[in-house]
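Subject: A structure to look through

Dear colleague,

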Amino acid sequence: MLKKFIIITILVTSVVFSNKGVTNGVSPYLPLNIDPLIELEIARLVSIAKIPNVIKPYPIVTIVKALPLIEDSHPLLFRRLTAYIKRYKKSTANTHFAATLSKGFEKEKLIANKRGTNSDSLFQVSFANFYQANSYLIFNAGGSYIEGEGFNPHHSYVSFGYEYAQVDIGYREHWYSPTIMSAPLISTNAESMPSITVSNITPITDFNFKYELSFGKFKTMDGILYQGKRTSGKPGFLTMHLSAQPFSWWTIGANRILMFAGGQRSISGNDIWQAIIDPVNSDNCGSGETGCADSNQEVGNQIASITNKFDFSLYQMPISFMFELAGEDTKGHKNTQLGNVSLNFALFLPYLTQSTSLYVETANYDTHWYVHHIYDNAFRNSGNVMGHWWANEKNNKDISGASLASAKLNWDINGISHLEIQVKTIKIRTDDPLQQHRHKEIEFNYKHAYKAGFIGFTIGAGQDTLGDNFSRVAINYTW
C-alpha cells in the first residue's frame, strides 16, 4: 500500500512539474517542540499576523511572507525572527542543536510531547540539518538521541515538488491542532513514524485553502485482532487535513486519521475509500445497525476533529482563541455526527504585557479515547499515545474519560534571560479506587543567552492520578 502511494505521488508531482508556470519550489519546516523560545516567537507571529495555519510544522516560506506584517507594530519580534530565519537562507546549514542532562526522582514519568522521553533518561541530544539541492529538492537530516530509548530520526526526510504539492518522504512529523500544549489527534507525544506526506505550503485562492495527506506505518505492535486471534504487525496510518480562512480573523479546519490493517488483516484501497466516505459501515461492525457483520470486516479505527482559530485585537492587545471539537466515533451510527467527543478550548495572549505572554488550555474527553477492540495499542507508537498527553496517565485498555487544564506563562526578564512556568492538572473519571487522585504538576524553565545559544535550567514536580510523586531537574544548551 505504501509503495503504491509513493509511486502515484511521484507520478502526479512529475505531471505538475511539466507545467512551465511553476516558479516557486519547496520549503524547509520550522522546529516542532524542540526549541521552546523560538517556537514562542513563532506562535506570537502566527497570532498577530493571522497566519491561516491550524496544523504544524510551519513552512519557512509561511513565516518569511508574514514577517513584513509586524515590522512596524512589533519591531523586536521582527528582528528576533529575521535573525533566526537567516540560518535557513543557505543551501546547506545546521539549523538546530540541543543537549540536555537530566535526572528524575521518585516515580518515572513520560514527559508530555517529547517523543517517548521518560523522566529517568539521563541525557538527550537533538539536531537538524538540511541541504537544498535546488528550488525543488531538499534533503533533511536530524532527530533526537534519548538515553534509554535510542535514536528517533524525527527530522530526517526528503522534500520535493513545488509550492502547491510538496512531497515529504521520511520521518516528517505532524501536529493536527491550532493549540500549543496538546493535540487530540496527532502530536509529538510518541515517536514519529516513516510516512509520505503531500501538502501545499502556499495557500490556495483568497480563502487560503490548505490541504495535507499523509500515509505512514506504525512500529510493530502486538494485539491485533483478526478471526478471534491476536497477532503482531505494522498497521497503516492515514492522516487528512483541509482548512480555509473565510475571514482574516477566522481559520477553520477539518482533520481525519485512520489506523488500519496490520498483522493478518488485509485492506484494499477501496476499503480505505469506503471508510473515508462511510465510516459507520466500515468501523462499527457487529452492532446490527451497520452494513457489516463482525469485526473481521472492519477497516480499522478512526478519529476526526473540527478546529477553529480566531485572531483579533482588543484595545490593541492581540488575542487568539482556539476551539476544537473531536470525536473518537460516530454518534447514533450517523456519518455526520461525532461521538465520544472531546471539547478543547485555548486562549493565547502573545503580549499580556510588553515582556510576558500567557497561554491557557482546557479540555474535556468522553470515554473510549485511544482504546479500540481491534487494536490493543490503538493510536500508540512504541506503546505511547500519538495524541493528547493526558492519556499517558491511563493504560491501553482503560476507557475512562477526563477533564484537564494547562497553562503557560512566559516572561522576558531582560534581553538575555527568559522564564517559563507551566502548570497542568488532570482528573480522570474512573471507578478505580486507586486512581482517584487529581494529577497536578508544575515546571519552571529558565533560559539565559550564552554566546550564540542559550543555557537552560529546568525543575519540575508533581503528583499523578495514583497519588505517586515525581520530579525532575535538567540543564541544557540550545543553539
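About 130 Å³ of space lies in the largest cavity, where a cavity is a set of points on a 1 Å grid over the protein atoms alone at which a 1.4 Å probe fits but cannot get out, and where a volume is the space filled by probe spheres set on points that are joined across faces, edges and corners. Of the 15 residues that line this cavity, His-174, Ile-186, Ser-192, Met-193 and Met-386 are the closest to its centre, a lining residue being one with an atom within 4 Å of a point. Strand 8 (210-217) and strand 11 are the elements that give two or more residues to this lining; strands (E, at least two residues) are DSSP runs, numbered from the N terminus.

Please keep in mind that this is a predicted model, in which local features need pLDDT of at least 70 and side-chain atom pairs count only at pLDDT 80 or more, while totals for chains, interfaces and linings use all residues. Residues are numbered from 1 along each chain as its sequence is written, and side-chain values use heavy atoms, with hydrogens and water left out.

Among the residues that line the second largest cavity are Tyr-29, Pro-57, Arg-115, His-154 and Glu-173.

Of its 29 lining residues, Arg-256, Gln-302, Ile-303, Ala-304 and Leu-338 are the closest to its centre, and strand 13 gives the largest share of the lining, with six residues.

**Nonpolar cores**

The largest nonpolar core has 32 residues, and those with the most contacts inside it are Phe-237, Tyr-370, Trp-390 and Leu-404; such a core is a set of buried (under 20% relative accessible area, 1.4 Å probe, protein chains only) Ala, Val, Leu, Ile, Met, Phe, Trp, Tyr and Cys residues joined through side-chain atoms within 4.5 Å. Apart from it lies another core, of 25 residues, including Ile-38 and Leu-81. Leaving aside neighbours within four places in sequence, Leu-404 is in contact (heavy atoms within 4.5 Å) with residues including Glu-361, Tyr-365, Trp-390 and Ile-426.

With best wishes

Notes
1 Å grid on protein atoms, 1.4 Å probe; cavity = no way out; pocket = protein on both sides within 12 Å on 5 of 7 lines; lining within 4 Å. Helix = DSSP H or I, 4+ residues; strand = E, 2+ residues; numbered from the N terminus. Buried < 20%, exposed > 50% of the residue type's maximum accessible area, 1.4 Å probe, protein only.
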